[in-house]
Structure formats: C-alpha cells, structure tokens
Amino acid sequence: MSMLQQVSVAKKANVHFNGKVISRSVVLADGSKQTLGVVLPGEYEFSTAQGEIMQVISGEFDVLLPGQTEWATYATGSQFELAPNVSFSLRTAQISEYCCQYI
C-alpha cells in the first residue's frame, strides 16, 4: 500500500543519531500506530519495546537480526519482523525510507 488513509500524524519528529534517522508517528483510524522514517547513510543499533514489522519503502537496508551472525539485505518493497525487547543493527549506504508497523 503506497498511501495510509484516515490517519493522524504527530507534528513533532522522532530524531535519533544526531538527525541521521528521523521519523513521524502516525496513528491509523483503528488506533494502531506506525512510524514513517528516513535513514541517512550509516550504521545504527536499535532496540524494540514491542513487536515490529519494518517495510523498506525506498533504498536498501543491511540488517543484523537478533541471534544472527550474517547481515541480510532488504531492498525496496521487502520487510522483516522483529520480536519485542530485542536489539538489531541496521546499515545503509544510501538515503532510505521505511514504514514501521507495531504489532
């Protein structure tokens, strides 16, 4: 889906890593929450508080998932799932966008 319908968007951005990762929180009509974000080139480590589905909107991410020893590449249109309370590493060589759905 290329558009989110009937949403409320937080005015204040979520800014991480000195502005290299920026997202906006979006609340859908059913009350569920997602974030839409942009990641500048670099390598980052994130933690989850709840389960997440990360969809790559544009660009490409290399991801080191919890319990894995090899990086996996996720290109535009692909997604990966994360359990609650885990950490993972993400890197990109280009400006990339994502949509994170909380589950």
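Visitor: Where is the place of Phe17?
Guide: This is a predicted model, and in it Phe17 is placed in the loop between E2 and E3. Its phi is near 50°, a positive value in a residue other than glycine.

Visitor: Why is Phe17 called partly exposed?
Guide: The relative accessible area of Phe17 is 35%. Buried would require a value under 20%, and exposed one over 50%. The value for Phe17 lies in between, so the residue is partly exposed.

Visitor: What makes Asn18 exposed?
Guide: Asn18 has a relative accessible area of 82%. The cut-off for exposed is over 50%, so Asn18 passes. Asn18 is also found in the loop between E2 and E3, and has a positive phi of about 55° although it is not a glycine.

Visitor: Why does Lys20 count as partly exposed?
Guide: Lys20 has 41% relative accessibility. Lys20 lies in the loop between strand E2 (14–16) and strand E3 (21–28).

Visitor: Which residues does Lys20 touch, not counting residues up to four places away in sequence?
Guide: They are Val38, Val39, Leu40 and Tyr44. For Gly42, the value is a C-alpha separation of 8.1 Å from Lys20, with the two residues 22 apart along the chain.

Visitor: How do you know that Cys99 is in no disulfide?
Guide: The structure holds zero disulfides. The nearest cysteine sulfur to that of Cys99 belongs to Cys100 and is 7.4 Å away. A disulfide needs the two sulfur atoms within 2.5 Å, so 7.4 Å is too far for a bond.

Visitor: Are Cys99 and Cys100 buried or exposed?
Guide: Cys99 has 8% relative accessibility, and Cys100 has 2%. Buried means under 20%, so both count as buried.

Visitor: What makes E5 and E8 edge strands?
Guide: An open sheet of four strands has the order E5-E10-E7-E8, and its pairing is antiparallel. Strand E5 (42–47) and strand E8 (72–75) each pair on one side only. Direction ignored, neighbouring strands of this sheet are turned by 30° against each other on average.

Visitor: Why are E7 and E8 said to pair?
Guide: Strand E7 (residues 60–64) and E8 are joined by four bridges in the antiparallel sense. Pairing requires at least two bridges, so four are enough. As for Phe61, its bridge partner in E8 is Tyr74.

Terms used. Residues are numbered from 1 along each chain as its sequence is written. This is a predicted model: local features need pLDDT of at least 70, side-chain atom pairs count only at pLDDT 80 or more; totals for chains, interfaces and linings use all residues. Side-chain values use heavy atoms; hydrogens and water are left out. Buried means under 20% relative accessible area, exposed over 50%, partly exposed in between (1.4 Å probe, protein chains only). Contact means heavy atoms within 4.5 Å. Axes are lines fitted to C-alpha atoms, for helices over the stretch in contact, and angles run from 0 to 180 degrees between N-to-C directions.
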